[in-house]
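The structure is shown first, and the description follows.

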Amino acid sequence: MATKSNLLIAYELLKESHEEEVLFDVIWDHVCKEQAIDDENKIAKKARFYTNLSLDGRFVLLSDNKWALRENQPFDKVHIDMQAVYADVGDDYDDDDEKKSDEDDDIEGEPEDLEENSKKVIDLINN
């Protein structure tokens, strides 16, 4: 008999749950009970399960370590505006820095200038 995966058990729990949000520890305890995971292995496998839950697109982390199925959540509640995330990074970036960098990357010359060009490349790498 094939056993269910931990993620499938978590999915079924959230699908059948009358609560929209379920604490991670409740999900993990349910998975451990279904899979008959003993206390020693329970601790060892917890982090991997959390990572797998995070990476599986069916699940979404809400707040206070509460999880839900993405399909049951409104788009606005689970969508992350990446433009807003990168807006802070963009403030520190200067267009002049890009132009300087592009100019520094251009190494021209004859093949006999190879040694000089190599020194330029090494200097670029070290800076």
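## Basis of the description

A crossing is called left-handed if the near helix is turned anticlockwise from the far one by less than a right angle, and right-handed if it is turned clockwise. Helices are DSSP runs (H or I, at least four residues), numbered from the N terminus.

The model is predicted, so local features need pLDDT of at least 70 and side-chain atom pairs count only at pLDDT 80 or more, while totals for chains, interfaces and linings use all residues. Residues are numbered from 1 along each chain as its sequence is written, and side-chain values use heavy atoms, with hydrogens and water left out.

## Helices α1 and α2

Helix α1 covers residues 6–16 and helix α2 residues 24–35; they pack at an angle of about 120 degrees, with their axes 9 Å apart. Axes are lines fitted to C-alpha atoms, for helices over the stretch in contact, and angles run from 0 to 180 degrees between N-to-C directions. The two helices are therefore oblique to each other (under 35 degrees counts as roughly parallel, over 145 as roughly antiparallel, 65 to 115 as roughly perpendicular and the rest as oblique).

The crossing of α1 past α2 is right-handed. On the α1 side, the contact (heavy atoms within 4.5 Å) is made by Asn6, Ile9, Ala10, Leu13 and Leu14, and on the α2 side by Ile27, Trp28, His30, Val31, Glu34 and Gln35. By class, this contact of α1 with α2 has seven nonpolar, three polar and one charged residues. Here Ala, Val, Leu, Ile, Met, Phe, Trp, Tyr, Cys and Pro count as nonpolar, Asp, Glu, Lys and Arg as charged, and the others, Gly among them, as polar.

## Helices α2 and α3

The axes of α2 and α3 come within 11 Å and cross at roughly 120 degrees, which makes α2 oblique to α3. Their crossing is right-handed.

From α2, Phe24, Asp25, Ile27, Trp28, Asp29, Val31 and Cys32 meet Lys42, Lys45, Lys46, Phe49, Tyr50 and Leu53 of α3. The residues of this contact divide into eight nonpolar, no polar and five charged.

## Helices α1 and α3

Between α1 and α3, the axes come within 10 Å and cross at roughly 65 degrees. This crossing is right-handed. Asn6, Leu7 and Ala10 of α1 meet Phe49, Asn52 and Leu53 of α3; by class, the contact has four nonpolar, two polar and no charged residues.
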